[in-house]
Amino acid sequence: MFKFIRKPFFLLQLLMFALATNAQDNVIDEVIWVVGDQAILKSEVEEQRMEALYRGEKIEGDPYCVIPENIAVQKLFLNQAKIDSVDVTDAEVTQQVDARIDYFISQIGSKEKMEEYFRKPGVKIRESMRDIVRDQLTVQAMQRKIIGEIKITPVEVRKYYSKLSSDSIPFIPTQVEVQVITNEPKATFQEIDAVKARLREFTDRVNNGEAEFSTLARLYSEDTESASRGGELGFMGKAQLVSEFANVAFSLSDPKKVSQIVETEYGFHIIQLIERRGDRVNVRHILLKPKIESKAITSALNKLDSIAGDIKNGKFTFEEAALYLSQDKESRNNNGLMANPETGTSRFEMQQLPQEIAKVVDTMKPGDISNAVAITDRKQKTICMLVKLKARYPGHKANVAADYQELRDIVRSAKMQDVIDNWIREKQKTTYVRIDPSWSNCDFKYPGWLKQ
């Protein structure tokens, strides 16, 4: 239903959202800081401390100093964003939430494992994310406005590198470039017909007044997140939905009617209108996914193994096979080369690869082609693939010749941080700040919080 929108910057850090609610329940709340007209609560600090502890994240310094200062800095940016009318759209927030959910699922292995890891059902994870993502995107937008455009010259990069001591030279982790050829096993016509017949049955029951659409969605929809809300998706713009779904959803006009069956990359849907507001629509849907028989998966694996054999026998290259035979739209026109959504390049650190592909690549040598493997993708669909390790770049200390881009990014980040640090120090001078005395005995990164 939702489009998967990739943004290169969205994985610079994982979310700091509320997962330690049980711990928070035991905290007697109190205001410990005030920044401008916004309060920082003891519970916020404790919540973030417990979450960092749960994730095994080390906090450099006293968490009861570091965490509230980080929250205070964020509030400076959010306050300035209000003054400057810097805002982000609902579409941007939804796209980021969807992208992060997809990333978590791809890294952890499944939606169920994600829910177990975060100790919340998917719908609660999504709800927890929205406000935090909105604040993060607003802070980023405000920072971009403050920083403006920063250009880095080769001379600056070489000068930076020449001043580094041996111990300070950045270490570049091992990276790999991976090519794939994919084949998606298909459901039988009989299975697809059975799914459509079941959806038609649901439509008839709703139209005849025998059942509520929302009740059927809760009972039978395979989109488990929206199923818990009776199939409701919430208000969406057309660009936030995959095109086939959006075209039908935005054509509905009668809330009492059920749409025709819609096929998307996620499966088959029926849709019911709830409300239309200008260029946004709120609908319910029921999703059913045709089951893939094991023999279809075996057939796809055998086909890919045959392709691998032809490549090894010199009938054609991996790149040619990717172009003409792969079903992966994103990579086949690039010689099968996977693109890293975090960086926009073709290089991945091992932990950035989908877990199942990383396991395959781990023991391969450059040029090796794997046996065909079946994996579960971010849409929870079974995909069969051949994997080729194009290149492995061993971890090493950075040098200008091989790692200019990485060093340039470091120099740019340092200059950007200087601009941000100077802005924060100036902003402290004109912002009302009050800190509870019991929370002020800290060695703050920005000492200006404690005005003399």
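This is a predicted model: local features need pLDDT of at least 70, side-chain atom pairs count only at pLDDT 80 or more; totals for chains, interfaces and linings use all residues.
**Entry 1: serine 370**

Leaving aside residues up to four places away in sequence, serine 370 touches Val360, Met364, Leu386 and Val387. I then located serine 370 in the chain: it lies in the loop that runs between helix 14 (355-361) and strand 10 (373-376). Is serine 370 buried or exposed? I read a relative accessibility of 8% for serine 370; the cut-off for buried is under 20%, so serine 370 counts as buried.

**Entry 2: helix 7 and helix 15**

I next examined the packing of helix 7 (residues 154-162) against helix 15 (residues 400-430). Two packed helices are described by the angle between their axes and by the distance between those axes. For this pair I noted an angle of about 90° and axes 9 Å apart. Helix 7 is therefore roughly perpendicular to helix 15, since that term covers angles of 65 to 115 degrees.

I listed the residues that meet in this contact. Helix 7 contributes Pro154, Glu156, Val157, Arg158, Tyr160 and Tyr161. Helix 15 contributes Val400, Tyr404, Leu407, Arg408, Ile410, Val411 and Lys415.

I turned to an open sheet of three strands, whose order is 2-1-13 and whose pairing is antiparallel. Strand 2 (38-41) and strand 13 (433-435) are the edge strands; each has a single partner strand, so one side of each is left without a neighbour in the sheet. From one strand to the next, I noted an average twist of 20°.

Strands of a sheet pair through backbone hydrogen bonds, in either a parallel or an antiparallel manner. I checked the pairing of strand 1 (residues 31-35) with strand 2: the two run antiparallel and are joined by four bridges. Within this pairing, I found valine 35 opposite glutamine 38 of strand 2.

**Entry 3: the whole protein**

Finally, I collected the overall values. I counted 15 helices and 13 strands in the protein. The C-alpha trace spans about 80 × 65 × 40 Å along its principal axes. Of the 452 residues, 45% count as buried. I took the contacts between residues at least 6 apart in sequence and noted that 69% of them join residues at least 24 apart. The accessible surface comes to about 23800 Å², and carbon and sulfur atoms account for 49% of that surface.

Note on methods. Residues are numbered from 1 along each chain as its sequence is written. Side-chain values use heavy atoms; hydrogens and water are left out. Two strands pair if DSSP finds at least two bridges between them. Axes are lines fitted to C-alpha atoms, for helices over the stretch in contact, and angles run from 0 to 180 degrees between N-to-C directions. Angles under 35 degrees count as roughly parallel, over 145 as roughly antiparallel, 65 to 115 as roughly perpendicular and the rest as oblique. Contact means heavy atoms within 4.5 Å. Buried means under 20% relative accessible area, exposed over 50%, partly exposed in between (1.4 Å probe, protein chains only). Accessible areas come from the Shrake-Rupley method with a 1.4 Å probe; for residues, only the protein chains shown count as cover.
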